[in-house]
Amino acid sequence: MARGSLRRGFTPDFDPDCGDTDLTSARQDVVIGRWQGLRDLLGATGRDWAARGHRIRQLAQVCAGSSTVESWLSADAHSADALVLRAATETARTFNVAIAAGRGVPIDQHRVDAAVLACLTAAEAYPEDPTPWVSLISVARLYPSGVRRQELGRWWDELHGRDPYSIEGHLQVLHYYSARWHGTHGLMYDFARDAAGVAPPGCPLPVLVQYARVEEYRFALDAAQGRHSAVGLSQHWNHDGAASDLRRTWQRWVMGRTETWIAPAELRDFNYLAHAACTAGARDIAGILLGMLGPRATRTPWSYTGDAEQQITKWHKELRPGA
């Protein structure tokens, strides 16, 4: 019987690896300090940039608290895969320092510079890989005033030239342009809609508009100091514009897909769209998306609007009572 069946009760599966069992095995290697599993995994991933980016981001989170990637580089100082992973790991470590310091508290610029240098070194070691450029644009947010527009534009050109439809690359630029970082709501939405407008059918870039809506909500919630009932927030998800954006993303992305399976690298994007459909009251789309996802779930963006497990379980009960 399926895990999400009524008889057993629905339980969301928040697997941090999103169902990527090979990644889970490599993550376990990091815990015991064994780097060979990382080498084998990234070698086998090849140039599937979406899968590679997903795997490196997840590995970087666990490597940030260990010396495994440094052990790998000690054994093979010229490994391009190791250098790319170290760049992502240094980026994760730098964000961890910023989180510990607290929002708005500047951190040592030399720490940010070191992460940038690691990204540039990785980009030189693996010229075809867009992943170091994703890490570079991500860590650029941690400079108090950002980076010069020309510099960001150059980094973006490097990334875009290697992977023009990279959802993660676009997402990092979207974060940079958000009001929470170095831009405005208008700049963020313009970037998201421009990217969506040039995306071919079946490409996930239209979901950037839903990411932008979540970013705007987080900014507004911070300004309201956590008061969910603050003026302007109650209609944030279900006004006409939000509903229209949702259906446009559904049509351009999901209806244009030829695949029926949701890859691990896509799982978070599908959760963002499912969250948007549920909160906008688009029950027809929400029910289909929840059916596609089954029990597979990511905590964000659900955790921004309440308890993630409770929300997903509630919507499954309402929209898929016989599943």
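**Entry 1: a helix pair.** Are H7 and H8 roughly parallel or roughly antiparallel to each other? A reminder to myself before I start: this is a predicted model. I looked up the axes of H7 and helix H8 (residues 149–162) and found that they come within 9 Å and cross at roughly 150°. Angles over 145 degrees count as roughly antiparallel, so that is the relation of H7 and H8. I also noted the hand of the crossing of H7 and H8, which is left-handed.

Next I wanted the residues at this contact. From H7, I listed Trp-133, Val-134, Leu-136, Ile-137 and Ala-140. On the H8 side they meet Leu-152, Trp-155, Trp-156, Glu-158, Leu-159 and Arg-162. I sorted the contact residues by class and got nine nonpolar, no polar and two charged.

Entry 2: I turned to the second largest pocket, which has a volume of about 580 Å³. Its lining is made of 30 residues, and the closest to the pocket centre are Trp-49, Ala-50, Ala-51, Ile-167 and Ala-265. Which helix gives the most to this lining? My entry reads H3, with six residues. I wrote down the helices that each supply at least two lining residues: H3 (49–63), H7 (131–140), H9 (167–177) and H13 (267–280). The pocket lining divides into 14 nonpolar, five polar and eleven charged residues.

**Entry 3: cavities.** How many cavities of 30 Å³ or more does the structure hold? I found two.

The largest cavity holds about 40 Å³ of space. I noted its lining as Phe-10, Asn-271, Leu-290, Leu-293, Gly-294, Pro-295, Arg-296, Ala-297, Trp-302, Ile-312 and His-316. Helix H14 (283–293) and helix H15 (308–319) are the elements that give two or more residues to it. By class, I have seven nonpolar, three polar and one charged for the largest cavity.

The second largest cavity has a volume of about 30 Å³. Around it I listed Gln-210, Arg-213, Trp-237, Ala-242, Leu-246, Ala-276 and Ala-280. The classes for the second largest cavity are five nonpolar, one polar and one charged.

Key
Residues numbered from 1 in each chain as written. Predicted model: local features only at pLDDT ≥ 70, side-chain atom pairs only at ≥ 80, totals over all residues. Heavy atoms only, no water. 1 Å grid on protein atoms, 1.4 Å probe; cavity = no way out; pocket = protein on both sides within 12 Å on 5 of 7 lines; lining within 4 Å. Points joined across faces, edges and corners; volume = space filled by probe spheres on them. Helix = DSSP H or I, 4+ residues; strand = E, 2+ residues; numbered from the N terminus. Nonpolar A, V, L, I, M, F, W, Y, C, P; charged D, E, K, R; others polar. Axes fitted to C-alpha atoms, helices over the stretch in contact; angles between N-to-C directions. Parallel < 35°, antiparallel > 145°, perpendicular 65-115°, else oblique. Left-handed = near helix turned anticlockwise from the far one by under 90°. Contact = heavy atoms within 4.5 Å.
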